[in-house]
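Colleague: Can we go through the side-chain packing in this one? I'd like the cross-links to begin with.

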Amino acid sequence: QVQLVESGGGLVQPGGSLRLSCAASGVTLDYNTVGWFRQAPGKEREGISCSLYRGGGTYYKDFAKGRFTISQDIRQNTVSLQLDNLKPEDTAVYFCAVGGVCNDQIMSFDYWGQGTQVAVSA
């Protein structure tokens, strides 16, 4: 069974930073496409960033470029999302995902974690 568990969310002030982590079991991340999504209150889930397996490309949506960074730790079988210069509009539940399509136009995944809450407020 594929299981993804996110952690690292919390309450931060505008301009602050968080590092989210996704621990995977039942799947080897370095052999799969990985991604991060978020869902803000009252909004649909949207892609943030994704990365192709085996040294493939990495893609970011415009709102994430320059502020968010996706990375992987092969030995720990984890994928992380560094969130910098956070804004109130970044408040959302953040999800990691594995297995699917990843490019600059399409981010579509098969497996999902339960999410971790990020709240940005003064």
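Colleague: What is the torsion about the S-S bond of Cys22 and Cys96, and is the disulfide right-handed or left-handed?

Modeller: The torsion there is about 55°, so the disulfide is right-handed. A disulfide here is a pair of cysteine sulfur atoms within 2.5 Å, and Cys22 and Cys96 have an S to S distance of 2.0 Å. Bear in mind that this is a predicted model, in which local features need pLDDT of at least 70 and side-chain atom pairs count only at pLDDT 80 or more, while totals for chains, interfaces and linings use all residues. Residues are numbered from 1 along each chain as its sequence is written, and side-chain values use heavy atoms, with hydrogens and water left out.

Colleague: Which strands do Cys22 and Cys96 lie in?

Modeller: Cys22 lies in β3 and Cys96 in β9, so the bond ties together parts that are 74 residues apart in sequence. Strands are DSSP runs of E with at least two residues, numbered from the N terminus.

Colleague: Is Cys22 buried or exposed? And Cys96, buried or exposed?

Modeller: Cys22 is buried at 0% relative accessible area, and Cys96 is also buried, at 0%. Buried means under 20% relative accessible area, exposed over 50%, and partly exposed in between, with a 1.4 Å probe and protein chains only.

Colleague: How many disulfides does a search of the whole structure find?

Modeller: Two. Cys50 and Cys102 form a disulfide with their sulfur atoms 2.1 Å apart. The torsion about that S-S bond is about 90°, so this disulfide is right-handed. Cys50 is in β5 (residues 46-51) and Cys102 in β9, 52 residues apart. Cys50 is buried at 0%, and Cys102 is buried at 7%.

Colleague: What pattern do the disulfides follow?

Modeller: 1-3, 2-4, counting bonded cysteines along the chain.

Colleague: Changing topic. How many residues are in the largest nonpolar core?

Modeller: It has 25 residues, and those with the most contacts inside it are Trp36, Phe68, Val79, Leu81, Leu83 and Tyr94. At least two residues of this core come from each of β3 (18-25), β4 (34-39), β7 (68-73), β8 (78-83), β9 (92-102) and β11 (116-120). By nonpolar core I mean a set of buried Ala, Val, Leu, Ile, Met, Phe, Trp, Tyr and Cys residues joined through side-chain atoms within 4.5 Å.

Colleague: And what does the second, separate core include?

Modeller: That core has six residues, including Phe37, Ala97, Cys102 and Phe109.

Colleague: On to the rings. How many aromatic pairs are there?

Modeller: Three. Rings of Phe, Tyr and Trp (its six-membered ring) pair if their centres lie within 6.5 Å; planes under 30 degrees apart count as stacked, over 60 as edge-to-face and the rest as tilted. Phe37 and Phe109 have ring centres 5.6 Å apart and planes at 80°, so that pair is edge-to-face. Phe37 lies in β4 and Phe109 in β10 (residues 107-112), so the pair ties together parts 72 residues apart in sequence. Phe37 is buried at 6%, and Phe109 is buried at 8%.

Colleague: How do the rings of Phe37 and Trp112 sit?

Modeller: Their centres are 4.6 Å apart and their planes at 65°, so the pair is edge-to-face. Ring pairs link Phe37, Phe109 and Trp112 into a cluster. Trp112 is partly exposed, at 25%.

Colleague: Which residue lies over the face of Trp112?

Modeller: Arg45, at 3.7 Å from the ring centre. The criterion for a charge over a ring is NZ of Lys or CZ of Arg within 6 Å of the ring centre and within 35 degrees of the ring normal.

Methods: Helices (H or I, at least four residues) and strands (E, at least two) are DSSP runs, numbered from the N terminus.
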